[in-house]
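Please keep the sequence and the 3D view at hand while reading.

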Amino acid sequence: MKSPIPDYLKRVLEAARPDDSGAPAGYIDVLARADTSRLGVAIAMVDGNVYSAGDDEVEFSIQSISKAFVYGLAIEDAGLERVLEKIGVEPSGDAFNELSLHEGTNRPMNPMINAGAITAHSLVVGPNATAEERTERILKVMSKLANRELKVCEEVYEAEMKDWDRNMGLAYMLKAAGIVQCDPGEAVKGYIRQCSINVTVRDLALMAATLSNGGYHPITSERIFPRKSVRQVLSVMTTCGMYDAAGDWVSNVGIPAKSGVAGGILGALPGQVGLAAFSPKLDDKGNSVRGINICEQLSHDMGLHMMDVSQIARSTVNTAIVVIKSAANSKHPGKESRAAIFHLRGAVKFAGSEILTRALTRNLGEPDPKDPGSGAWADACAVILSFREVFSLNKVARQIIHEDITRLMADDRKVVVIDPTDVLRWEEEGKESHPKVVKNQDEAREFVGGAGCSATIQEDW
């Protein structure tokens, strides 16, 4: 059985594709010539599983999305107290390239606008570091976050250097105000190089998932950022990450996020998922039009809005094998067969349905030499899905589990659903094929093994 999640992501892309409004960033000639048909999405779980669709391997420059991670590095290298002395945390209400400074202190309003980002870059490594030293440090950490070696796109870098006057003006003003200590030219050169690093949506989703995972990389388990730094970065992303569209974003999507003018958007929901979208056409705020549409759909479908408390996201999936022995008076007395049990608990949102889907595909699929234990239950005579301790399923979780069941039956699996409170709503969906839906474990056992059969659980569930 294949996971239905990539198919869901494809549907999200196709729903966003018809919106042809906006235009690529015209002030950087490389970005102005971008292929505007490109469209990609990726989500990464906090345990490292990544799903993606569309142009998920197409590279584009990270641009302002880098600001969030460089802010985290500045906190690590200079300390939070020092960073807060130099950079504020308030939304500016101005365009990203405006000189927005706190009255009295001359601090840039926040690290997500250019003035604050240049200041944050200047704090990486140390005040006497060169642009090359800072870029090397940033590129090394970015590569760890993406779990592959990233590179600077020299074409984008050269194009942005041709138009560096405004950023240089910001840097000289910051130097005059005593905010930037290093050479302004070195700060701007390094800042432009950090923005010119190439990534894919899969890279960005993993980078976001590291923030969602408290600073620990989902795949390598390496701590990239301390927990306190992550909290600070996510807080500022929430209020300032989408420029002066941050208010609309928080109310409609509700995920800490950062956008870039190459068309990328990164979102990190603490404890749950990292997500990324890519489409080059931007709105008048500098955010990807289709990217916003994609993120809004994901948030709505998956119940990802951080203020949504309609369902408490506590869910678990337990698995076990039960050996069923037919009754002595049956047609095949004493015959033993194995059934696979997948037992869900709690309020199941997208993350819970994804764990179930992965358990189904891993345990019931073909053995993978690279994954010891996979395919262990491929010979199971039946699959039992228990929802007796599930008190809610949100929309996308229900859709994914419905598709799981449909694919299991298409693979000629005998499927039994224990659903005493009808949270799955199978009958309401008008499905053509139906699993056996029962009220309790006894009914499930007898459907699989016949009347009078006995069952022995090999693991608790």
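## Terms and basis

A residue counts as buried when its relative accessible area is under 20%, as exposed when the area is over 50%, and as partly exposed in between, with a 1.4 Å probe and protein chains only. By this scale Glu 354 is buried, at a relative accessible area of 1%.

The model is predicted: local features need pLDDT of at least 70, side-chain atom pairs count only at pLDDT 80 or more, and totals for chains, interfaces and linings use all residues. Residues are numbered from 1 along each chain as its sequence is written, and side-chain values use heavy atoms, with hydrogens and water left out.

Two packed helices are described by the angle between their axes and the distance between the axes. Helices (H or I, at least four residues) and strands (E, at least two) are DSSP runs, numbered from the N terminus. Axes are lines fitted to C-alpha atoms, for helices over the stretch in contact, and angles run from 0 to 180 degrees between N-to-C directions.

Helix H8 (residues 165-176) and helix H9 (residues 184-195) have axes that come within 9 Å and cross at roughly 135°. H8 and H9 are therefore oblique to each other; angles under 35 degrees count as roughly parallel, over 145 as roughly antiparallel, 65 to 115 as roughly perpendicular and the rest as oblique. In the contact (heavy atoms within 4.5 Å), H8 contributes Asn 167, Met 168, Ala 171, Tyr 172 and Lys 175, while H9 contributes Pro 184, Gly 185, Val 188 and Tyr 191. By class, the residues of this contact are 6 nonpolar, 2 polar and 1 charged. Here Ala, Val, Leu, Ile, Met, Phe, Trp, Tyr, Cys and Pro count as nonpolar, Asp, Glu, Lys and Arg as charged, and the others, Gly among them, as polar.

## Packing of helices H7 and H9

Helix H7 (residues 154-161) packs with H9 at an angle of about 140°, the axes being 9 Å apart. H7 and H9 are therefore oblique to each other. From H7, the residues Glu 154, Tyr 157, Glu 160 and Met 161 meet Lys 189, Ile 192 and Arg 193 of H9. The contact of H7 with H9 holds 3 nonpolar, no polar and 4 charged residues.

## Salt bridges

The whole structure contains 23 salt bridges, each a side-chain nitrogen of Lys or Arg within 4 Å of a carboxyl oxygen of Asp or Glu. One of them joins Asp 55 and Arg 38, at 3.3 Å from N to O. Asp 55 lies in the loop between strand E2 (50-54) and strand E3 (60-61) and Arg 38 in the loop between helix H2 (29-32) and strand E1 (40-45), so the pair ties together parts that are 17 residues apart in sequence. Arg 38 is partly exposed, at 31%.

Arg 358 and Glu 354 form another salt bridge, at 2.7 Å from N to O. Both residues belong to helix H14 (residues 350-364), where they are 4 residues apart, about one turn of the helix. Arg 358 is partly exposed, with 23% relative accessibility, whereas Glu 354 is buried.

## Positive phi angles

Val 125 is not a glycine, yet its phi is positive, about 70°. Val 125 sits in the loop between helix H5 (114-123) and helix H6 (131-146). Ser 221, likewise not a glycine, has a positive phi of about 65°, and is exposed at 53% relative accessible area.
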